[in-house]
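Please read the following briefing beside the sequence and the coordinates.

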Amino acid sequence: MYLVNATALNEFGLATKRLVGEADIIVRGSREGFPEALYPALARDPAIAVASPILELEAALPGRRDALKILGLDPFRAASLQPALLGGIAGGIFDLLTTDGILLSSAAARQLNLRRGDVLTVTVGSSTTPLACSAS
């Protein structure tokens, strides 16, 4: 009975993984990152069907003590791993393609008291950047 249950749970997990798009492998670098040549090498590896890089950084918010975790991604590559990603974006796919924009979760937008079209200024390192807000 244990073997049957374990096999059924394993099959369920694999089916869920295929539908939801959970990654089989995740490569993380230190705070300093890792060589930029690593991603193209992984993307060309025939054993890797789809590679979707995500840039993760902590940005300071001027006038606030807390930081904002920002994830940068290619929405088309990410959607190939997690198809539901694009369906859950209220503002539309084009909001993801701007170079000076940020898509905030509804919780982050509420906490920061920001609406679509407002400007969020972030500081990364010594550089301050204004970003046009969209909310999911």
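Arg 64 and Asp 66 join their side chains in a salt bridge, with 3.2 Å from N to O, the term meaning a side-chain nitrogen of Lys or Arg within 4 Å of a carboxyl oxygen of Asp or Glu. The model is a predicted one, in which local features need pLDDT of at least 70 and side-chain atom pairs count only at pLDDT 80 or more, while totals for chains, interfaces and linings use all residues. Residues are numbered from 1 along each chain as its sequence is written, and side-chain values use heavy atoms, with hydrogens and water left out.

**Salt bridges**
- A search of the whole structure finds two salt bridges.
- Arg 64 is partly exposed at 37% relative accessibility, and Asp 66 is also partly exposed, at 33% (buried is under 20% relative accessible area, exposed over 50%, partly exposed in between, with a 1.4 Å probe and protein chains only).
- Lys 69 forms a salt bridge with Glu 56, whose closest N and O atoms lie 3.3 Å apart.
- This pair links distant parts of the chain, 13 residues apart, with Lys 69 in strand 2 and Glu 56 in strand 1 (residues 54–60); strands are DSSP runs of E of at least two residues, helices runs of H or I of at least four, numbered from the N terminus.

**Nonpolar core**
- The largest nonpolar core has 14 residues, of which Leu 68, Ile 102, Leu 104, Leu 120 and Val 122 touch the most other members (a core is a set of buried Ala, Val, Leu, Ile, Met, Phe, Trp, Tyr and Cys residues joined through side-chain atoms within 4.5 Å).
- Helix 5 gives the largest share of this core, three residues.
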